[in-house]
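Visitor: I would like a close look at one helix. After that, please walk me through the rest.

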Amino acid sequence: MSTVTTNTIPRRARRAQARQAASGYLFVAPFLVVFLAMLVLPLLYAAYLSLFKEQLIGGTTFAGLDNYRRALTDDQLVEGVVRVGKFFLLQVPLMLGLALFFALALDSGVLRLARVFRLGIFVPYAVPSVVATLMWGYLYGPDFGPIAQLADKLGVTAPKFLSDDLMLGSLANVVTWEYTGYNMIILYAALRAIPSELYEAAAVDGAGAWRTAWSVKIPAIRPALMLALIFSVIGSFQLFNEPNLLQRLAPNVIANSYTPNLYAYSLAFTSQEVNYAAAVSFLLGLVIVVVSYAFLLIGNRRRAS
Amino acid sequence: MTLRRSAMRWLAFGVATTLTLAACGGGDDGGSGQTTASVSQADIDKAMQTPTELTFWTWVPQIEKEVALFEKKYPAIKVNVVNAGQGEPQYTKLRTALKAGSGAPDVVQIEFQYIPTFTITDSLLDLRPYGAEALKSQFVDWTWQQVTGRNGEVWAIPQDTGPMGMLYRQDIFDKYGIQPPKTWDEFAAAARKLHAADPDVYITNLASNQNGVWMGLLWQAGAKPFTSSAPDQISVNVNDATSKKLADYWSGLAKEGVVSTDPDFTDQWYQALNRGKYATWLTAAWGPVFLSTSAKDTSGKWRAAPLPQWTAGDNKSGNWGGSTSAVIKSTKNPIAAAKFAEFLNTDAESTRLFATEQFLFPPTRALLADPSFTGQKPAFYGGQTVNELFAGISDTVSTGFTWPPFLDQTVSDWDETVGKSLADKADTSAALDQWQSRITTYAKNQGFTVG
């Protein structure tokens, strides 16, 4: 702003600024209302709930941190967290690897029908996870599933997809199928945003397509990869729909505490232990924050070095 | 995986917890209004002529027909029928509504085994003041015992029942020269013979996710797994000698590989029934009609018989399933609600409709002795009078079997211990101990005196 302005102009500008700010808040208001009513308030309420204990006999009493203490020594919860941890280590590298591979392939410009591929890989994400799980459940099915029937016709034994040993892998497959396309789109968008000077510089330095991908493209989209990774941490640790639905097909394999989220749900609705469920949810949230933060820290340190 | 999904997760949880908050605030269900003093006939007449709206939660299909009979008799009263889901999903909604303090129905369908789960939370209305005790003689003893409380309260009116019997494939038994087993020993021998003759056939499937059958078989064996002498006291004996006998028997057959342990009511199970993988289905009196619609291709091949017995010559059975109509304590129209529950399940025309239209197996003595009901000869069972057989079995179900006041947890724990051990062909006896310890821990946690 110029130094020779009169007094009136900044005031008008300030008023205009205020008006602008007001319209900004107006635009955000619908979100803010829903955010407060549906997320912040319930969260605070759940935090409050987690400090009490309601019993069938004796009613509600203040429990302090008892629920948290109980959760930390609850084998079912710990096993669930370890299980989703394993799931994360198994599924996420595979999914992000595939997503990165497809994104690079699409970006390379050598694919014909690139749009068809892009859409084809993305389409599973448009299928609701409930539907996807039901569909995979049918494919996995022993006796009635098409894979089992085909194997039967060929005289071989189909793998027991819904058994104790393979369940985690079967779940990983469903989730990978669902979200590879989604992550690919994030990475692909990031690739499209890389300034072309970088490519020119690489070409001048004599880098081929593979070298460019490895040394230019991947480092350039590291923030996008990080974002996809954080989403995946959250998604893995909150795994719910897929095991909840497959539980109907394999009730003896997927226990109510198979994943921490499923456990919190069944604590609230089967065991009537709403307060404990709230504490478990909070601890789960804490685990997610810690793991996400750890990955961010590792990512940033790598970049710095 | 997306943030959107996680947000939905929180949202769902948030809604649930918010509902619970409301519950803690004003959860008084009017417990003070309870009285055992009878309501006078004049009050009843007045209430039945006052314009009233009742909400009725039930999952019985086309129950509007029975409801119409009631509305015809009492034109002032309008009943809104709501299907809030079958079993578990309905109970979850009901509990949420009860905790929220609003939105609960006046009358609700509850299975026998869930009555204590809802009386412990003081959610059901004692129907004695409305003349329910006088109905006792109309019902089979054990069904009335199931709806009666510790101090004689009448918590619900029985609607349908599930005395257990055995449906079997006549054609498969004939093919391998097997007689329908009369004792569990014969059953085990038949299991081995059948499976040896055809490895694709199992004498039966003891579903590894079906606590109801396990309880029914325990009931038959004379066990009393849950007894209680006071509201805040419970004795848990799910690993006593009778239970261990049952566990050894079934896990023995499962380990030998002569009975299968597929989860039931799944695609796999339906398909197996249709293609003759199981030669029998140990089921309840509602099973015959259920089977005739879900395994149509096998029509004419099935027959029915009583359950095999532990001691030759005995005549004992247990019950699996069946439900009641209960009145929720928070109702604003207790008289109309109580009378509706009564009418629905005792009126001659209404109960007959249940038996002939919805094929529910009746708990009333009148229908169980009615030749138009017992004389039916369904072609699916080769013209056998299946209803007559099950009517006879109903009399052999003992009274005295009671349910825990936290059935959801008990069932969920069963699936993860006993059921899992059957599926995995592991040590079912040890799983019983696990089940016992899980229930005990839970009960203590909920403030019960256990022992």
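Which residues are buried in helix α9 (residues 209-220) of chain A?

Guide: Thr212(A), Ala213(A), Val216(A) and Lys217(A) are the buried ones in α9(A). Buried means under 20% relative accessible area, exposed over 50%, and partly exposed in between (1.4 Å probe, protein chains only). Helices here are DSSP runs of H or I with at least four residues, strands are runs of E with at least two, and both are numbered from the N terminus.

A word on the ground rules. This is a predicted model, in which local features need pLDDT of at least 70 and side-chain atom pairs count only at pLDDT 80 or more, while totals for chains, interfaces and linings use all residues. Residues are numbered from 1 along each chain as its sequence is written, chains are lettered from A and ligands numbered from 1 in the order in which they are written, and side-chain values use heavy atoms, with hydrogens and water left out.

Back to α9(A). An α-helix has 3.6 residues a turn, so residues three or four places apart point the same way. Trp210(A), Arg211(A) and Trp214(A) are exposed on the other side of α9(A). The buried residues pack against three helices of chain A: α3 (75-107), α7 (167-192) and α8 (196-204). Contact means heavy atoms within 4.5 Å.

Move on to helix α10 (residues 222-237) of chain A, which holds Ser232(A). Ser232(A) is buried, at a relative accessible area of 0%. Its side chain reaches the backbone oxygen of Ala228(A) at 2.8 Å. A polar contact is a pair of N or O atoms within 3.5 Å; within protein, one must be able to donate a hydrogen and the other to accept it, and residues adjacent in sequence count only if both atoms are side-chain atoms.

Two loops of chain A deserve a stop. Asp143(A) lies between α5 (129-140) and α6 (146-154). Its phi is near 65 degrees, a positive value in a residue other than glycine. Asp143(A) is partly exposed, at 29% relative accessible area. Gln272(A) lies between α12 (260-269) and α13 (274-304). Gln272(A) also has a positive phi, of about 60 degrees, although it is not a glycine. Gln272(A) is buried, at 17%. Most residues other than glycine have a negative phi.

Strands β1 (residues 52-55) and β2 (residues 59-62) pair in the antiparallel sense over four bridges. Two strands pair if DSSP finds at least two bridges between them. Glu54(A) has Thr60(A) as its bridge partner in β2(A). Three residues separate β1(A) from β2(A), and Gly58(A) in the turn has a positive phi of about 110 degrees.

Now chain B. Its domain assignment gives domain 1 (15-161 + 320-377) and domain 2 (162-319 + 401-450). Such bounds come from an automatic or database domain assignment. The C-alpha centres of the two domains lie 29 Å apart. Between them, 18 residues of domain 1 contact 31 residues of domain 2.

The largest nonpolar core has 136 residues, with Trp214(B) and Trp250(B) having the most contacts inside it. It draws at least three residues from each of domain 1 and domain 2 of chain B. Helix α13 (residues 334-346) of chain B gives this core its largest share, eight residues. A nonpolar core is a set of buried Ala, Val, Leu, Ile, Met, Phe, Trp, Tyr and Cys residues joined through side-chain atoms within 4.5 Å. Leaving out residues up to four places away in sequence, Trp214(B) touches several residues, among them Trp250(B), Trp414(B) and Trp435(B). Apart from this core lies another, of 54 residues, including Met167(A) and Ile234(A).

Last, Arg365(B), in helix α15 (residues 365-368) of chain B. Arg365(B) is partly exposed, at 37%. Its C-alpha is 5.5 Å from that of Phe139(B), 226 residues apart along the chain. A polar atom of the Arg365(B) side chain lies 3.2 Å from the backbone oxygen of Phe139(B).
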